[in-house]
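Biologist: Hi! Could you walk me through this model when you have a minute?

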Amino acid sequence: MVPEAAKAANGRNVRVMFQDEGRFGRIGLPRPCWAPSGIRPKCPSQIIREYIYAYSAISPKGGEIDSLIAPYADSKVMELFLAQVGDRFKDEFIIMFMDKAAWHTTAKLRTPENMAVLFLPPYSPQLNPVEHLWKEVRSAFFANRVFDSIGAVEDQLFDALAYMNANPALVQSFAGFSWIVTSL
C-alpha cells in the first residue's frame, strides 16, 4: 500500500505522517497526583459540556507536529487542516495515515496534490502515534484543572500544542514507534 502511494511522489522526498483529532473540554476528570504523606490532595473537577477539537499530524521520524484548533470535527475543517499540512511541507510528498472517521472518508474531502491518504485498520487506535500525543497533553496540561470558559480551554490547548511543536525530541520519544521509524 505504501509503495503504491509513494509512486505519486515524482522524485520528491516522502514524509510519513499520522493524523487524528482530539476533543478537549470543560469536563474535569480527577487524575492521580502526588501529595505528602498524610495530606489528601485537592483535585478539582466539573461537568460542563463544552468542547473544542484539536487536529494534529505527527511525523514520527523527525518529531514534527502540525496542529489546528477548531470548534468542530467535520470534513470542512479536515480539508482546511490537510491543506495547512500540505502547504507546510509543500516541497515533499506526504503519506498521511488516519482512521476512518466519517469526515475522513467522505467523497467531498479534497486532499492537497502533494498528499496521499491511507487508512489504518478499524478499531486500532494503538497504531496511531497521535493517540499518545493526546495522552501526553491531557496528563501534562489538563490533569486536575478546572476551566472558567471554553476560551481558557483553547488557550491551554494552544500552549500544550505549541510546547509539543517546540520539542520534537519529546514527540519522537512517544511517537517514534519502532515499526514506523525502522520502515522509513
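Biologist: Which residues of H2 are buried?
Modeller: In H2, the buried ones are Val77, Met78, Glu79, Phe81, Leu82, Val85 and Gly86. Buried means under 20% relative accessible area, exposed over 50% and partly exposed in between, with a 1.4 Å probe and protein chains only. Helices (H or I, at least four residues) and strands (E, at least two) are DSSP runs, numbered from the N terminus.

Biologist: Before I go on, what are the ground rules?
Modeller: This is a predicted model, so local features need pLDDT of at least 70 and side-chain atom pairs count only at pLDDT 80 or more, while totals for chains, interfaces and linings use all residues. Residues are numbered from 1 along each chain as its sequence is written, and side-chain values use heavy atoms, leaving out hydrogens and water.

Biologist: Good. What do the buried residues of H2 pack against?
Modeller: They pack against S1, S2, S3, strand S4 (92-98), helix H3 (102-105) and strand S5 (115-119). Contact means heavy atoms within 4.5 Å.

Biologist: And how far does H2 reach from its first C-alpha to its last?
Modeller: H2 covers residues 75-88, 14 residues in total, and reaches 20 Å. That is close to the expected 20 Å, which is 1.5 Å times one less than the number of residues.

Biologist: Now the sheet. What is the strand order?
Modeller: This open sheet has five strands in the order S3-S2-S1-S4-S5, with mixed pairing. Two strands pair if DSSP finds at least two bridges between them. S3 and S5 are at the edges with a single partner strand each, so one side of each has no neighbour in the sheet. On average, neighbouring strands are turned by 25° against each other, direction ignored.

Biologist: How many bridges join S2 to S3?
Modeller: Seven, and S2 and S3 (residues 64-70) run antiparallel. Ile58 has Ile65 as its bridge partner in S3, Ser59 has Glu64, and Ala54 stands opposite Ile69. The hairpin of S2 and S3 has four residues between the strands, and Gly63 takes a positive phi near 80° there.

Biologist: How many bridges does S2 form with S1?
Modeller: S1 (residues 13-25) and S2 pair over eight bridges, in the antiparallel sense. Phe24 has Ile52 as its partner in S2.

Biologist: How many residues of S2 are buried?
Modeller: S2 (residues 51-59) is mostly covered, with seven of its nine residues buried.

Key:
Axes fitted to C-alpha atoms, helices over the stretch in contact; angles between N-to-C directions.
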